[in-house]
Structures are given as structure tokens and as C-alpha cells.
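Hello,

Here is the structure I said I would pass on. My notes follow below it.

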Amino acid sequence: MIELYISSEVQTSPQEIAIKLAEQDVECQITPNYSANKGGQLEEGYQIKIFQMDEGKEFKEKVWNTLQPWLKLTCAFVKVENKYMGCVLNWPTVFVKSNCPIRQSDLQKLNKDLPDNPPECQHKHF
């Protein structure tokens with residue numbers, strides 16, 4: 001399961017997000033959530049649980065490339081089981097090359113078209 005946490009100034013609803021993702025054949029569950037940062041600033045957003053999806057290219061094409069332009073997302077927080085947790089734009093082998101020496105040869109094919117350094121993350125809270 002992949003968990004994606006987003007916030008946007010674009011007004012939407014869990015139902016609208018679910019419809020957009022269903023159009024991409026993405027099985028998901030959307031829940032509104034509120035986050036607070038250390039400075040006490042509150043942020044309204046959504047937790048999106050994505051089921052039965054291959055990590056990487058499928059996520060990028062079906063989820064991120066659908067939500068990012070529509071909701072004008074500059075960043076998001078992603079949690080991928082016990083594999084990765086952090087800024088979606090720093091997700092190794094999905095948005096950036098992995099610098100991990102373990103399985104480096106296995107990852108070379110996945111990394112060949114990815115930038116060495118991701119765009120700077122603009123997300124405020126995670």
C-alpha cells in the first residue's frame with residue numbers, strides 16, 4: 001500500500017479525488033485530514049491510500065501526473081510500506097536516482113531517465 005498526503009489551495013473533495021483516480025483505474029481510499037507543524041500552523045488536506053499498485057512508474061503516471069497539475073501540487077508526503085517515507089519528489093527510482101549502493105546495478109535501468117537532484121520540495125509540514 002502507498003499512502004500519499006496532499007494539501008492544495010484548489011478546492012476539491014474526497015469524492016472528486018476518488019473519481020479522478022478511478023478514471024485512471026486506481027484503487028484508493030481518500031480521507032480528509034489536518035496537520036499541524038512545529039510552528040502551530042494548521043494545514044487541511046487529504047490522506048490517499050492506494051492499493052494494489054506497482055511502485056514507481058505506475059504511481060507517477062496514474063496518481064502523481066493526474067493530481068499534480070489538477071490540484072497544483074508542489075510537493076506531497078508519501079509513505080511506501082517499509083521502503084520509503086518522505087517528500088514524494090525525493091522518492092528514489094520514481095522521481096530521482098537512488099544513491100544507495102545496495103542493489104545499485106538493479107536500479108541502474110530505473111534511474112537512467114531520472115534527474116540526479118530533485119526540484120526543491122515546497123511542502124511545509126512533513
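How many residues does helix 2 have, and how far does it reach from its first C-alpha to its last? Helix 2 (residues 57–71) has 15 residues and reaches 20 Å, close to the 21 Å expected at 1.5 Å a residue (the expected span is 1.5 Å times one less than the number of residues). Helices (H or I, at least four residues) and strands (E, at least two) are DSSP runs, numbered from the N terminus.

On provenance: this is a predicted model, in which local features need pLDDT of at least 70 and side-chain atom pairs count only at pLDDT 80 or more, while totals for chains, interfaces and linings use all residues. Residues are numbered from 1 along each chain as its sequence is written, and side-chain values use heavy atoms, with hydrogens and water left out.

The buried residues of helix 2 are Phe59, Val63, Trp64, Thr66, Leu67 and Leu71 (buried means under 20% relative accessible area, exposed over 50%, partly exposed in between, with a 1.4 Å probe and protein chains only). Their cover includes strand 1 (2–6), helix 1 (14–22) and strand 3 (42–51). After helix 2 comes lysine 72, with a positive phi near 55 degrees.

Five strands make an open antiparallel sheet in the order 2-3-1-4-5 (two strands pair if DSSP finds at least two bridges between them). Strand 2 (27–36) and strand 5 (84–87) are at the edges with a single partner strand each, so one side of each has no neighbour in the sheet. Strand 2 and strand 3 are joined by 10 bridges, and isoleucine 30 stands opposite isoleucine 48 in strand 3.

Regards

Key: Contact means heavy atoms within 4.5 Å.
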